[in-house]
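Work through the exercises below with the sequence and the model in view, and try each task before reading its solution.

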Amino acid sequence: MEYRFKQDIHIAQIPALTAEQTQRLQQTWWTEDDFVELFSASPDGFTTAYFLLEQLKKQQLLEVRLADATHELRLPAHYADFRFPEPLELPDRVRLSRWAYLRSSTEDLSERNTLRPYLWLRSSKSLLCYRFEAEVLPHLFAPTEALTVFEWQVRFLLLQEGVLLSAEAPQEEAGAWEFHDRLFYAESTDGTTLSPTGVRFELQGSAPSLYKEPMVDEARCIALPEVALSEERSFAEVLHGRRTDRHFSEAALPLPLLSTFLRESMQVQQEVSSGLSKEDRVSLRPSPSGGARHALECYLRIDRVEGLAPGLYHYLPQQHALEPIPFGEKAWKTTARLCYPLRTKSDFPPQVCCFYAVRLRRISWKYTGIAYRLALPDLGCLLQTQQLVATSLGMKSCIFGAVEGEAFAKAFGTDVEQEPFIGELIIGI
């Protein structure tokens, strides 16, 4: 095995080593023998070197790789202590596990700072990933006698983790998981990627704006009235009184109720600096959000609200206002289908349908690799907050989990790649 200090952490100068030696340990790959040699001038250098190396391994401060003269395989940090058994015993023929997949990528992984093609081999079952140069791939499935020592070692590791299986092994049981579900879980969970926290704080490029750019002229925006939330019901009564209800009346929803519903669940209460960069700011709101990124956007289809024309709208949380979105007959029919055709069990459609999309860049700028993962808990928190607010106002509400991203994007004029639709709530009286 070869090691080097992780690139995204600060390594203070190690006692008995010069600043130049410490820097070299972070910039180049080295073996255990290389590390011990640096302490050779000290009387107890051997003991000191191995004690320090063990501490670095335990704290997972080292990058780990298996390499020969031309290829390398990157390994998760906990492989720092791994030793190959002797002799290595391998099946002659192997196949990929049903939980594994291959993905090509270009990563800057060499100390010479050149771009080389790499291939990722990922197992969602064992929750580990490996990346190695693409030329290694044809040899993964070659007969055992054709393998080099390096290829033997690679195959042994992948067999041990269940990424590869003997060609004679029975097909694995799926259990409760589907492949895409386990893959999503594995890719977005702490400790399951080459980064031990499951996230990379890259902060690349300019920080995304705190709010979405207006979709229409600001003069067309509709300011919502300020109405105090009634405190007639205790929090316990509201909490225990919350129920899903999708039986709506023909009446129009009073505008003050809609205004209070949006204000008490989504309106910006305060803006502060995130501390990540000079231009990056975050907002504080009634519903929690990971890292206070608040990337959710609320779009509304309004059927029957006093004082508002039926149509499509976008909520502006910083202004507590609605901006009307231009739409045609097709968009109106599409949103009707998304809202309520056979799902409300009511003679009348809901007064308001709320659609939620997420500005992924707002999250991924800070939490690279788990943006969508974080958007889902954010949505759950917001929907619970809104259902409780609706209950306190005497309104009915129902959450829908089925989403049609492409249809939503076309109806509201959004970019499904940058702002995917992830949830829906219908409200009314």
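**Exercise 1.** Are Cys339 and Cys353 buried or exposed?

*Solution.* This is a predicted model, in which local features need pLDDT of at least 70, side-chain atom pairs count only at pLDDT 80 or more, and totals for chains, interfaces and linings use all residues. Residues are numbered from 1 along each chain as its sequence is written, and side-chain values use heavy atoms, with hydrogens and water left out. Taking buried as under 20% relative accessible area, exposed as over 50% and partly exposed as in between (1.4 Å probe, protein chains only), one finds that Cys339 is buried and that Cys353 is buried too.

**Exercise 2.** Which residue has its charged end over the ring of Trp332?

*Solution.* A charge sits over a ring if NZ of Lys or CZ of Arg is within 6 Å of the ring centre and within 35 degrees of the ring normal. The residue is Arg301, whose charged end sits 3.5 Å from the centre of the Trp332 ring. Arg98, in turn, lies over the face of Trp99, at 5.3 Å from the ring centre.

**Exercise 3.** State whether Cys398 is buried or exposed.

*Solution.* Cys398 has a relative accessible area of 2%, and is therefore buried.
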